[in-house]
Amino acid sequence: MAKYDALAEALQKTQAMSRTLTFDELDALVPGGLPPSARQYREWWANAVSADGQAASWLGAGWRVETVNLPVQVTFVKQSDAAAPDLEVNVIRRSVLLPALLQTLADAGRPLPRSEALQMMSERVTFTPYELGMAGKTGRTRWSNNTTWMTTSLAAIGWIDKTPQGWSITDAGQAALEQFRSGDSLLAEHNRLYALHVAEQKEGQEYAKPAYDVIRAALSLLGDGQWTSVTDMIEVSGVGASQVKAFVLATSPEGAHRLLLDGGRVDPDAVLEAGQGSQRSVLESEGLGFTAEGRADETKHQRAEDLRGPLEELGALKPLPRRAWLVRGSNVNGHDLVPLWRDQGFVSLPATKLRPVEPGLDRTELKAIVAEDYASVSYNSRASKVDELHAFLSRMREGDLVGTVSQGNLYLGTVTGPAAYAPTEDGRSNLRRAVTWASGEGVDYGDLPPSISSRLQVQYEVVELTAQIDALERLLGSPAEVATATEVEEVVLVEPTPELAARLNVDLTWLTECVDLLRDRPQLIFYGPPGTGKTYLALELAAHLAGDNVRLVQFHPSYSYEDFFEGYRPTREGAFALKPGPMRKVVDQARENPSTPYFLIIDEINRGNLAKIFGELYFLLEYRERNVDLLYADGGDDAGFSLPSNVFIIGTMNTADRSIALVDAAMRRRFAFLPLHPDEVPTKDVLRRWLDAEGLDPAVADLLDALNARIHDVDFKIGPSYFMRPAVHETGGIERVWRTAILPLLEEHHYGDGTDVAKRYGLDAVRASLRPAQVLVDDDPRDGGGLGDDEVSSGGPAPDSP
């Protein structure tokens, strides 16, 4: 039985004219499963008939491939003429081009110039109409363009040499040509080797930093039945979530399959070896259990704090010379214990239900104890209690910095003793550590830098502050060091330049005002009628201030918080995974580079439901230094989320959709608004400056001014962008843009009010208003001479108010 006979038989039994099969279903119908190239390249489906003749079974059954949706499904359709199968697919058949090129070079036995090699190839291959088509504006056919590009990867993997004399095959290329007899297998080997080459390049450059060595070592420490999370890798390595995922995908380090998403959820992008199945099945085979909700056994979770010690022993991670902690004591069962702490030299936790325990407990042991001793509280409270007690008992060390807040002041000290269980009569401080408190009155809460004050708002009994330890240590130093620590380091936004102003055709003073507004309030909105260049100006200004650190998103009525910030999305495994949106991605990048500005451009911001889209983030737009609990708080966000000061937002608002008068007060308070109206600076001079720079007729600007003079609603005046395209200034261009863009816009505005739009705003009518007036001298205006009430000094009819 041929390899694809079962697939052909399944298709023959189908009564409908088409049938869609997933790749899993196809694998089940094909002995040994589909080849890897079938899942990776649409070309395989176009060329399958020539792949050792294996696909002839389904073609002979009267079916052909209609569409291929990689890597999800394939749709087959019945052929009207089974004897003449139509396999044409709009793809380049690289599995045909690759062996043809290598064989051409092998037969030549000498370096071939590009043109000669392509000519000789064309004599070997019968190209499809699609392959013979032009590749964009290159002037070359698609097949020759693709072949030329393919020589780059062939040279990278050592199959050909590219010299000034031409292309030639190497011994490795000759060996590959002889070993892999089919085009599919040859292409698959090429792709495999090139992927390894790219990974090695990345590993040797981008992933050579010590932080990635920490991730490698951490994953290698995991044994069968254990797992860790992306957030844990963030904590031990210091790199962001996206960098962790990218590194693991690119380098496939040992133990990568044991890296799960936060909460023990499987990762749809997990790194697995060929034939291993799903991530969950592999981990289950190693002895890891999963709950009914699909979450990994928490007792097998190796957290960052569990991995830190072994990593330090391996030398992959330098021991932290000092950590910093916040321990709350200002409201313990209604009492402020901070004065007692400072007077007697200790810090404590109530631990009212906890049995006597020894310091240095393993997290797993402590979790079991808490589960029994705190059985009466909720599961969420127990989880928080484990974190707090483990930090106090095992993670906190002698020499660590500790802080607490009372009566509006931050007090700091140094841990000088191990954790000790010392039951008290009032039960308010059963678990203690000795502390040497700094003298003085502490630091006023209002003088703290945002990086510290925002972290102090996290509502847990014990909060790690190690990320802020440099600033905290300065607070313990001399008065000069304290003054330095309390200074707020602002992100620098560079000044706009005359060159930028000239390129954008606006005044430098206006651009300077934009930057000043962003420094004062990092949210700005450009609003005005269509065609006033709002989005263009926003992107160009952001690029000037932040370089490549600019991301654009467009709001629309169905846009949601899950689209914008983060939300759960279905995975290929049928589960759901928390995926970041554009705002989340910008914030994550900004956190890693706190002194660098990052911009998010929100186009058509008024078309979305802002309260629905921003959710709790709406609060952070006004209070950057505060923390909020996220809707989908997970992992590192359990301790609260704040919006970095180096994230800037520029929105654009089309007033033809919604007047600024309709914007709610909450949005007005959080954004600065700058108008871009055709009759106001900077927009009113843009077209004239552009026409002058391009050497075009300035009369077009007069035409636009005359049109806008007839439109009394400022929110519907026409912007200059309609006339700032070269095609508009070719023969018939003005008439075309007037007919197809401007009049339809005005017709929508006047819909149902009886206005004759063509008569009032037509190109001929506006041009007529620009002609010199012919004033007839007549003593009696009743005879029709002179200027009547319906005419203006320009000689045209007075524009009526829309």
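**Exercise 1. Find the residues that line the largest cavity, and sort them by class.**

Solution. Start with the list: Glu298, Thr299, His301, Arg303, Asp306, Arg363, Thr364 and Lys367 line the largest cavity. Here a cavity is a set of points, on a 1 Å grid over the protein atoms alone, where a 1.4 Å probe fits but cannot get out, and lining residues have an atom within 4 Å of a point.

Before going on, note that this is a predicted model, where local features need pLDDT of at least 70, side-chain atom pairs count only at pLDDT 80 or more, and totals for chains, interfaces and linings use all residues. Residues are numbered from 1 along each chain as its sequence is written, and side-chain values use heavy atoms, with hydrogens and water left out.

Next, sort the lining: it has five charged residues, three polar ones and no nonpolar ones. For this sorting, Asp, Glu, Lys and Arg are charged, Ala, Val, Leu, Ile, Met, Phe, Trp, Tyr, Cys and Pro are nonpolar, and the others, Gly among them, are polar.

Finally, look for the main contributor: helix α18 (residues 363-373) gives the largest share of this lining, three residues. Helices (H or I, at least four residues) and strands (E, at least two) are DSSP runs, numbered from the N terminus.

**Exercise 2. Compare asparagine 333 and glutamate 604.**

Solution. Begin with the backbone: asparagine 333 has a positive phi of about 55° although it is not a glycine, and glutamate 604 also has a positive phi of about 55°.

Then place them: asparagine 333 sits in the loop between β8 (324-327) and α17 (338-344), and glutamate 604 in the loop between β20 and α28 (610-614).

Last, is each one buried or exposed? Asparagine 333 is exposed because its relative accessible area is 55%, whereas glutamate 604 counts as buried because its relative accessibility is 17%.

Conventions:
On a 1 Å grid over the protein atoms alone, a cavity is a set of points where a 1.4 Å probe fits but cannot get out, and a pocket is an open set with protein on both sides within 12 Å along at least five of seven lines; lining residues have an atom within 4 Å of a point. Buried means under 20% relative accessible area, exposed over 50%, partly exposed in between (1.4 Å probe, protein chains only).
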